[in-house]
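Thanks for making the time, everyone; I would like to take you through one model, beginning with a pocket and then turning to one of the chains. Please have the sequence and the coordinates open while I talk.

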Amino acid sequence: MYILGIETSCDETSVALLRADGEVRCNLISSQIARHQPFGGVVPEIASREHLVHLFPLLEEALRQSGASWNEVETIAVTAGPGLIGALLVGVSAAQGLSYALGIPLVAVNHLEGHLFSPFLSASGAAIPLPPRFLSIVISGGHSSIYDVVTADGRLEIEMLNRTRDDAIGETFDKVAKFVGLPYPGGPQVERLARAGKADRKRFPFPVPQFKESSVDFSFSGLKAGAIRWARQYRVGEDQAALADFCATFQDALFEQLFSRLDTIWQQIRRSAPPRPREIALAGGVAANGVLRERMQAWGRQHDVMVRLPEKRFCTDNAAMIAFAGLQRRREAGDPRLVKAYSRMLVGGPRILGETSAPLVRPS
Amino acid sequence: MLILAADTSLPILSVALTDGAMLIAAVALEGRNSRNEKLLPAVDWVLAEQGVDRHAIELFAITRGPGSFTGVRIGLATFQALALALGRTVCSIPTHEALAFHGEDLEFSFVYDDAGRGEFYGSTFAPDVSDPARLLTRAELQSAIAANRSTSVAAFMADRNVAVRTALRAAAIARADRLSIYRDATPIYVRLAEAEVKLAQKKDD
């Protein structure tokens with residue numbers, strides 16, 4: 001039996017089939033990057049249109065590749081938010097139709113929970129069992145947060161420990177990359193150039209933000225403004241060597257803030273009530289960054305913590321992680337008529353923000 | 001032949017169930033927002049009320065615009081999903097074509113709708129001929145209305161059920177053995193995304 005995952009929250013259309021033990025049988029992704037490249041970012045209406053073009057061929061292909069039939073699908077998980085509302089609605093509507101027609105329950109998955117659990121998906125075979133408690137660092141183009149996840153005794157409690165006060169870390173990568181003339185998405189380009197350069201914090205003195213009230217929140221907008229200032233002053237776009245050093249320093253400054261917050265959070269969490277977290281998961285698009293993956297492993301060895309890194313194919317948006325999060329939330333699976341899409345949706349806090357209308361539904 | 005039809009492209013959301021050309025049940029409700037929260041409940045209400053099992057539906061008919069971009073996508077995604085899971089066919093009908101249908105075939109007529117921003121969607125029909133919808137200025141609209149027997153989508157919607165007409169059109173298409181022509185479930189947007197228009201203008205300058 002399978003759980004079907006559907007993801008259409010941003011610019012990737014994805015469909016996945018997982019076994020009940022979390023084994024990924026099939027994870028198909030149709031990326032729209034090329035379609036949005038001329039605009040320097042994701043255009044919501046184009047994203048929505050592309051999702052509808054690709055979703056149904058992907059659904060049929062996923063079943064074909066897995067050799068599965070519809071009556072072997074027992075649950076559907078769909079990203080209900082956060083994301084681009086028009087894009088989300090394509091996946092949600094399709095999931096509602098499938099679930100209603102098949103008479104199987106539908107789980108509305110929070111996209112961030114998809115990322116949060118993704119490091120526990122295996123390259124092959126069953127998923128890695130979730131530890132009783134772990135920290136999950138979710139860093140992408142839209143999100144930058146560290147979560148405290150407790151799964152002990154059949155619970156599923158997720159507490160958001162920090163967030164970004166302004167830009168997300170991946171967004172900072174992309175915006176600065178765009179400013180120095182690198183193509184979208186800029187994160188991988190900065191990493192590539194940084195490998196050829198040398199971090200020079202004297203030449204490029206990027207600020208590390210500190211809040212008065214000793215908050216562990218992230219803030220990347222100061223770094224972004226600083227980066228754009230130095231890039232302009234040193235004309236780094238015109239000189240390959242300077243650009244490489246600039247990228248290396250900029251990337252280093254972003255990660256320095258990440259680890260400085262993680263250090264503080266780790267010290268606090270070790271003093272909290274048991275169970276003691278023994279694993280740290282790193283997730284989201286920025287978790288594909290090779291330099292960060294190396295530094296995260298080193299941090300784990302230093303602190304005697306197991307570090308879980310997602311397969312690179314599970315870092316960017318994908319439906320396998322949505323189906324996997326759906327498995328964790330299986331108890332909440334229900335009536336497809338009641339599912340809504342949410343452009344904003346929080347993890348760990350009040351579950352849903354910005355509720356606007358009541359559905360027309362008879363209690364069944 | 002049991003046909004389930006719906007329209008989510010227009011501000012009034014409608015769902016209809018017919019047996020061929022015979023109407024069994026229909027519902028219409030306000031549908032400007034949250035259409036995905038209304039469509040399945042409406043479908044379920046129509047089926048449950050008549051005691052019709054979803055497996056008994058033989059054909060799914062859905063409009064594909066022009067109209068609300070999001071609405072068109074919700075209708076097409078939901079109905080394609082229903083048909084896919086139940087192993088049935090979808091008959092995707094241009095919204096204006098459903099309205100141009102009378103008796104057994106399309107009639108000579110011009111169907112138009114407000115497209116916002118001072119522009120209009122218009123489609124011209126003749127028996128057996130369905131012209132793709134185009135974007136018209138107010139002046140173009142007025143001359144088209146003067147030259148044709150015309151139907152305003154808003155006026156039609158005010159006293160008739162678009163999904164019923166969609167189901168009847170689908171029944172005629174099925175009878176004429178032309179369902180294969182109506183497999184194309186591509187939305188009729190007519191307009192490009194705003195960003196594409198701006199990018200094209202930039203290139204022109």
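Helices (H or I, at least four residues) and strands (E, at least two) are DSSP runs, numbered from the N terminus. This is a predicted model, in which local features need pLDDT of at least 70 and side-chain atom pairs count only at pLDDT 80 or more, while totals for chains, interfaces and linings use all residues. Residues are numbered from 1 along each chain as its sequence is written.

Which elements supply at least two residues each of the lining of the second largest pocket? They are α2 (44-66) of chain A together with α2 (69-86) and β5 (89-93) of chain B, and the largest share, five residues, comes from α2(A). A pocket here is an open set of points on a 1 Å grid over the protein atoms alone, where a 1.4 Å probe fits, with protein on both sides within 12 Å along at least five of seven lines, and lining residues have an atom within 4 Å of a point.

Of its 16 lining residues, the closest to the centre are A:Phe56, A:Glu60, B:Gln80, B:Arg183 and B:Ala185.

As for chain B, its secondary structure comes to seven helices and 12 strands, and its C-alpha trace spans about 60 × 35 × 30 Å along the principal axes. Of its 205 residues, 58% count as buried, meaning under 20% relative accessible area with a 1.4 Å probe and protein chains only.

On confidence, chain B averages a pLDDT of 96, on the predictor's per-residue scale from 0 to 100, and the model scores ipTM 0.97 and pTM 0.93.

Technical notes: Chains lettered and ligands numbered in written order. Heavy atoms only, no water. Buried < 20%, exposed > 50% of the residue type's maximum accessible area, 1.4 Å probe, protein only.
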